[in-house]
Amino acid sequence: MSEADPIQVATLWFLSARTMAIAGEEIPSLQESATGLYAQAILGFTEDICLKAKDAAHIKNKTLIDCLSGLRQLPRELSEKILTGVMMISYSDRSMKPLEVRWASMLASAIEVSPDEFQRCCVNARVIASMLRPHGAES
Amino acid sequence: MSDQETNFHFLERFDKRVAQLAKQAEEYVHTDPDSCMFKLRLMVETMAKKLTSLQMQGDISKDLGAMLGSLERGGIVPRRQADSMHAIRRDGNAAVHGSPTPVPTAMRRLREAYKISGWFCKIVKRGSKVKLDEFIPPHPPDPLTKESEDFHKKIDILEESIEERRIATRESLLMFGPQEDVQEVTRRIKEELVALDNVAAAAGEPTIDADFVALVMAMDLEQIEEDPRHGGDSRQARREAEQQLEQIKKHLADRENEFLEERTFLMKQRDTIC
């Protein structure tokens, strides 16, 4: 995948993030808007890119295998940022269901992060989740 | 609609104060659109307080923006109604702070307030039947001049454009696109995820991260930050993330200011012509 294709990268982000939210069995509005804020504030996508990334032409036919494969091909820094964001989505309700753990595990395997690197992503995810919650990271 | 009539009669049965504010807003829409916006903002604030006291527990924010945010996050105010309430709040604040409100803008918000009112009645009295008739815009006290009509058209075009840009901003932030069938997408992803989970389990791959993730989640953020292995990273991450988040918030606030400036520019143009 070309590094210069931000729409494809943004599509990977939205697919990874919504999969984590779905694995958590509910999609509260907080997770919904946190997804876009993270895309724009941390990943640096523009509004237009975020809109196009969710367009049927880009996202409709992408499977989770495509998503894992796409993430694997991204530069390491970027894929770690996506993993961090996905963990942020997972943390936002302060509980993890088995499918959330599985998805996190699959993402971590796909981008080949070490346990230490994964833990760093988790720490950063906690930091960001606490910023995006109205009352810190409290439930 | 005659002078004695109002679009908001039905509200009296549900909340007299909200009904009174709505009728006052209606009266001012042509003669004093800024006052119309004050009244509409107060009307939305009164509604938000009532909904909060009826449906929410715990500390209640006194700030209207935060109150609406909590109501929306709590699933009490649906997105469409929340958008309209925020629009009234923003334009009401702008009017309070001296930004002039054009008549078509006030009329647009009045129409939105009418729609919100119908929904509000159903929420405050469960099971009540409220059938909204078509909103009838109040007539101006004097017939509009050709110049005023042209100006109103220009403002309407601008308002449409602002609305489209606000919708684009909102949709860009959401997890799903506007054309997507969320239920269908959710079903498909869940099915795929369960299949992958089964394959992984059949291959003997345990959910090895479960204990680890549980451990991380059980730790207090402060304890993690104090951990010498991660403290530096988390503090740096916080600084960077805060800066980036602030940039986006500033960008969104700048956009709203631009909308106001565009509106004010048109108002000044009209004043120059007149």
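This is a predicted model: local features need pLDDT of at least 70, side-chain atom pairs count only at pLDDT 80 or more; totals for chains, interfaces and linings use all residues.
Figure 1. B:Glu180 touches A:Arg18, A:Lys54, A:Ile59 and B:Val185, leaving out residues up to four places away in sequence. Its place is the loop between α6 (146-173) and α7 (182-202) of chain B. B:Glu180 has 14% relative accessibility, so it counts as buried; the cut-off for buried is under 20%. The side chains of B:Glu180 and A:Arg18 form a polar contact of 2.8 Å. The B:Glu180 side chain also reaches the backbone nitrogen of B:Gly177, at 2.6 Å.

Figure 2. A:Gln40 is buried, with a relative accessible area of 7%. Neighbours within four places in sequence are set aside here. In chain A, A:Gln40 is in contact with A:Phe45, A:Glu47 and A:Cys50. In chain B, its contacts are B:Ser172, B:Leu173 and B:Ile248.

**Figure 3. Packing of α7(A) against α7(B).** Helix α7 (residues 98-110) of chain A meets α7(B) at an angle of about 75°. The axes lie 10 Å apart. Angles of 65 to 115 degrees count as roughly perpendicular, and α7(A) and α7(B) are therefore roughly perpendicular to each other. From α7(A), the contact is made by A:Leu99, A:Arg102, A:Trp103 and A:Met106. From α7(B), the residues are B:Lys190, B:Leu193, B:Val194, B:Leu196, B:Asp197, B:Ala200 and B:Ala201.

**Figure 4. The largest nonpolar core and a second, separate core.** The largest core has 63 residues. A:Trp13, A:Phe45, A:Met87 and A:Trp103 have the most contacts inside it. Helix α1 (residues 6-23) of chain A gives the most to this core, with twelve residues. A second, separate core has 41 residues, including B:Leu11, B:Leu21, B:Val29 and B:Met85. In soluble globular proteins, nonpolar side chains tend to be buried together.

**Figure 5. Contacts of A:Met87.** Beyond its neighbours within four places in sequence, A:Met87 is in contact with A:Met20, A:Met96, A:Ala104, A:Phe118, A:Cys122 and A:Ala125.

**Figure 6. Helix α4 (residues 79-96) of chain B.** At 1.5 Å a residue, the 18 residues of α4(B) should span 26 Å. The end C-alpha atoms are 25 Å apart, which agrees. Among the buried residues of α4(B) are B:Gln81, B:Ser84, B:Met85, B:His86, B:Ile88, B:Arg89 and B:Asp91. B:Gly92, B:Ala94 and B:Ala95 are buried too. B:Gly98 follows the helix, with a positive phi near 95°.

Technical notes
Residues are numbered from 1 along each chain as its sequence is written. Chains are lettered from A and ligands numbered from 1 in the order in which they are written. Side-chain values use heavy atoms; hydrogens and water are left out. Helices (H or I, at least four residues) and strands (E, at least two) are DSSP runs, numbered from the N terminus. The expected span of a helix is 1.5 Å times one less than its number of residues. Buried means under 20% relative accessible area, exposed over 50%, partly exposed in between (1.4 Å probe, protein chains only). A polar contact is a pair of N or O atoms within 3.5 Å; within protein, one must be able to donate a hydrogen and the other to accept it, and residues adjacent in sequence count only if both atoms are side-chain atoms. Contact means heavy atoms within 4.5 Å. A nonpolar core is a set of buried Ala, Val, Leu, Ile, Met, Phe, Trp, Tyr and Cys residues joined through side-chain atoms within 4.5 Å. Axes are lines fitted to C-alpha atoms, for helices over the stretch in contact, and angles run from 0 to 180 degrees between N-to-C directions. Angles under 35 degrees count as roughly parallel, over 145 as roughly antiparallel, 65 to 115 as roughly perpendicular and the rest as oblique.
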